[in-house]
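Hi,

Here is the structure I promised to pass on.

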Amino acid sequence: GDGMRRDIIMGAAAAAAAAAVAAAWWWRKQSQSSERACETPKRARAPVPETPEPRTPSTQPAAPSPSVPEASPAMPSTPQGGYKEPVVIGLFVYPVKSCAGISVKTAELTEHGLPYDRQWMIVEEGDDGKLRFVTQRQCPKMALVSPDVIPDGSTKSFRQSRSAKDSTGSLLMLRFNKEKAVMYASEDGSGSSGNKRVRVQIWKDECDAIDCGDDAARWLTERLGRSVRLVAMAKDCKRPVDRRYVNRAWSSEQDPSTCSFADGFPFLLINAQSLKFLNNHASAKLTVSRFRPNIVVSGAPAWEEDSWKELKVDGVKYYCGKGCSRCKITTVLPDTGEFDPSGDALKTLQSIRKGEKGQVFFGQNMVHDRSEGVIRVGSTVHVIAKWEKVGLDAMLQHRAAQ
């Protein structure tokens, strides 16, 4: 009777509601598909590629040589007809001058540049008794020395954490090629016959340094095949950057911009598209580790960095003072610690990047405004000023005057 009729009515209502939900779902899907078909396709923002770490010795099986991720040959246009702002795709720290580097994702900034970048240096005694710096120019085997840094109070090294942090009393670890043996040295030189203050020469500069002891000297001497010692830059050492190539508003004679044991500047930047351009002309693939940058950017056309004067990244300003003049270190094979017999890297640069004075350029040497901060992989590079004169010869001539 009434109960049966009520059940029939309620069942029909439930079926109708279910059919309505299904119909609504089908209609929404069809509408969305139609809308997508009518929309103008939007260019998706490509994920920021990570620059592979330069080849460093380890106990793991050998891996293919790293390279900067290849970029699209055509840069995306902006409404003004230019290119989108580049981004940081790689950060590298080289604790020991001219030895292998460490790839990190974030790095704090110090007065001298990235933390512990070129804080240590290998030296040898000359006939005149002076301790002078040694690089891969004289000893290509240095490419097989793989450093790492354990910050004071941390349980993870730079290489493990992919982060470079500033601290005091950090410990340096050294490995050579595929050896399991590790050599430890402190930044204050404590240890066997360590903590001796010495004067060392790098190019025309003489600096105060701390000898890291006999154990480190013996370990390096045995592996490099020449009598050398390891030193760390003294904490109170101030090595000024050449004032012809710095922003005078940031650097005075009384308070100059400084660098560590780098060749002359706290930062070296290269453009991934410029490296790709080189590879298009080289007979063999050239990896980023050949050129030893601190910062790798992507998203600007090849050689656009030649025009950059002032940049801003993560709130910190950088001044592009001088193009980086290249030498035969670019011909050292990072995997073997030997010179490439073909010399292809330098020959390719000479064919397309040679100025009238014979120097070849790739990358930009930079100083920063020395404000505290952090630089990160994935950060946008804002170009806030450009040079009026651009060209290979202008890199050395005009920048101090402008």
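Helix H5 covers residues 344–352, and its buried residues are Asp344, Ala345, Leu346, Thr348 and Leu349. Buried here means under 20% relative accessible area, with exposed being over 50% and partly exposed in between (1.4 Å probe, protein chains only). Helices (H or I, at least four residues) and strands (E, at least two) are DSSP runs, numbered from the N terminus. The cover over the buried residues of H5 includes helix H4 (272–281) and strand E21 (361–368), where contact means heavy atoms within 4.5 Å.

Before going further, please keep in mind that this is a predicted model: local features need pLDDT of at least 70, side-chain atom pairs count only at pLDDT 80 or more, and totals for chains, interfaces and linings use all residues. Residues are numbered from 1 along each chain as its sequence is written, and side-chain values use heavy atoms, with hydrogens and water left out.

Now for the chain as a whole. The protein chain has six helices and 23 strands. Of its 402 residues, 49% are buried. Take the contacts between residues at least 6 apart in sequence: 71% of them join residues at least 24 apart. The accessible surface is about 19500 Å², and carbon and sulfur atoms account for 51% of that. Accessible areas come from the Shrake-Rupley method with a 1.4 Å probe; for residues, only the protein chains shown count as cover.

Helix H3 is another one to look at. In this helix (residues 214–224), the buried residues are Ala216, Ala217, Trp219, Leu220, Arg223 and Leu224. Looking down the axis of H3, you will find these buried residues within an arc of 165°, so they line one face of the helix. The arc is that of the directions from the helix axis to the C-beta atoms. As a reminder, an α-helix has 3.6 residues a turn, so residues three or four places apart point the same way. Just after H3 comes Gly225, with a positive phi of about 75°.

Two residues other than glycine also have positive phi. Arg118 has a phi near 55° and sits in the loop between strand E3 (106–108) and E4. Its relative accessibility is 10%, so Arg118 counts as buried. For Trp303, phi is near 70°, and this residue is in the loop between strand E16 (295–298) and strand E17 (308–313). Trp303 is buried as well, because its relative accessible area is 16%.

Next, the largest pocket. How much space lies in it? The answer is about 990 Å³. Its lining has 35 residues, and those nearest the centre of the pocket are Arg137, Trp203, Asp263, Gly264 and Asn365. Strands E13 (239–240), E15 (267–271) and E18 (316–325) are the elements that give two or more residues to this lining, and E18 gives the largest share, three residues. By class, the lining has 13 nonpolar, eight polar and 14 charged residues. Ala, Val, Leu, Ile, Met, Phe, Trp, Tyr, Cys and Pro count as nonpolar, Asp, Glu, Lys and Arg as charged, and the others, Gly among them, as polar. On a 1 Å grid over the protein atoms alone, a pocket is an open set of points where a 1.4 Å probe fits, with protein on both sides within 12 Å along at least five of seven lines; lining residues have an atom within 4 Å of a point. Grid points are joined across faces, edges and corners, and the volume is the space filled by probe spheres set on the points.

Ser251 lies in the loop between E13 and strand E14 (258–259) and is buried, because its relative accessible area is 1%. Beyond its neighbours within four places in sequence, Ser251 is in contact with Arg243, Val246, Pro256, Ser257 and Arg370. Asp314, in the loop between E17 and E18, is partly exposed, because its relative accessibility is 31%. Its C-alpha atom is 7.7 Å from that of Arg376, 62 residues apart in sequence. Ser103 belongs to strand E2 (residues 102–104), and its C-alpha atom is separated by 10.0 Å from that of Gln160, 57 residues apart along the chain.

Best wishes
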